Amino acid sequence: MDEKLSKIVVDMKPSGIRKFFDIVNEMDDAISLGVGEPDFDTPWHVREEGIYALEKGKTFYTSNSGLMELRVEICNYLKRRLDLDYDARKQVLITVGGSEGIDLAIRALINPGDEVLVPQPSYVSYVPCVELAHGVPVIIELKEENQFRLTKEEILEKVTDKTKLLVLPFPNNPTGAILEEEDLKSIAEVCVEKDIIVLSDEIYSELTYNGKPHVSIACMPGMKERTIIINGFSKAYAMTGWRLGYAVGPEYIISQMTKIHQFCIMCAPTNSQYAAVEALRNGDDDIEKMRESYDERRRYLLHEFNRIGLDCFEPFGAFYMFPSIKKFGITSDEFATRLLETEKLAVVPGTAFGDCGEGFLRISYAYSLDELKKGISSIESFIKTL
């Protein structure tokens, strides 16, 4: 029956993350350190606003672009955090999670044969979205010796006359790597020179730990007019199940993204949008509390990895560690599988995020310290058998 199906979809690999989640769900007493989801409840004042919207019957469609009230608050947030000015009427689109925004941006921009630069290891949806749009994903392998940062030189090695788009996934899932202002300046120079559009996935922008605020490439000279920022509420506000994100960028791109969204989705969930307004207006303290907790867990894992002999560079973003297991002489998939079978601990093999993730694991610290301590104990016990 395969001949009746889309060849692109049939050939697409399923998510490497889901394989381990499915096994964990069938195991008694298994612990997972693999989920990229905050362990915090959505702050009560945000939940309350969502509940209030339901109680007041605010359950109808919004405009395709989203509640104007929410779009205005997003513009206020971007001005406050990044000193960027956007028009709430024409340059903002509310999406069903950041993932929809990624898909819409790629589909709105890519013609068959256009090349999209995708740094890896990175989030699992970029390559499939490019392939579904009949584009050509061109992989840039990020290097541990560079702390998995993207460099100007790496971009130039891959640019051709077919290059249209660069995906910029920082702070990065799965490595926790960040880009600082100097990194972004050099990347921006290439993008301006080569006329490349940038899809900047900034969903982890509020979760950085180097003492410096997040900087967007849209802030660099010549970049606002060629950058689509994708962000959302899942990570910073612990709102994963609310399924709400947004895209901001040049009007000519956002208008085409809105057109696709109009036919496929109609609008994002209405009560989620009302809750997000409250999050943006009064959620800064919630973010800070969660960030402090994540940083404590981050420092704990770094210390423990060093103690048990698991090599790992220090990540300054998101809530992931990406330790190397190369010295043990087994693949990432074998390490993760055997760890799950013998210790009932689930982590994600680095290859779930691209072939260059071989030799690494993604371990999430979006878990309590007690769970992390149990996880470290299991990893230490397993390593001793190697």
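Biologist: In which helix does Glu380 lie, and is Glu380 buried or exposed, or something in between?

Modeller: Helices here are DSSP runs of H or I with at least four residues, and strands are runs of E with at least two, numbered from the N terminus. Glu380 lies in helix H13. For accessibility, buried means under 20% relative accessible area, exposed over 50%, and partly exposed in between, with a 1.4 Å probe and protein chains only. Glu380 counts as partly exposed because its relative accessibility is 22%. Please keep in mind that this is a predicted model, where local features need pLDDT of at least 70, side-chain atom pairs count only at pLDDT 80 or more, and totals for chains, interfaces and linings use all residues. Residues are numbered from 1 along each chain as its sequence is written, and side-chain values use heavy atoms, leaving out hydrogens and water.

Biologist: Which residues is Glu380 in contact with, beyond its neighbours within four places in sequence?

Modeller: Contact means heavy atoms within 4.5 Å. With those neighbours set aside, Glu380 is in contact with Arg307 and Ile308. A polar contact is a pair of N or O atoms within 3.5 Å; within protein, one must be able to donate a hydrogen and the other to accept it, and residues adjacent in sequence count only if both are side-chain atoms. The side chains of Glu380 and Arg307 make one at 3.2 Å.

Biologist: How should I read the largest nonpolar core, and which members touch the most others?

Modeller: A nonpolar core is a set of buried Ala, Val, Leu, Ile, Met, Phe, Trp, Tyr and Cys residues joined through side-chain atoms within 4.5 Å. The largest one has 36 residues, and Ile379, Tyr294 and Leu310 are among those touching the most other members. Helix H11 gives the largest share of this core, 7 residues.

Biologist: And Thr175: where does it lie, and is it buried or exposed?

Modeller: Thr175 lies in the loop between strand S5 (163-168) and helix H8 (181-194). Thr175 counts as buried because its relative accessible area is 0%. Its side chain joins that of Asn172 through a polar contact of 2.9 Å, and also reaches the backbone nitrogen of Ala177 at 3.1 Å.
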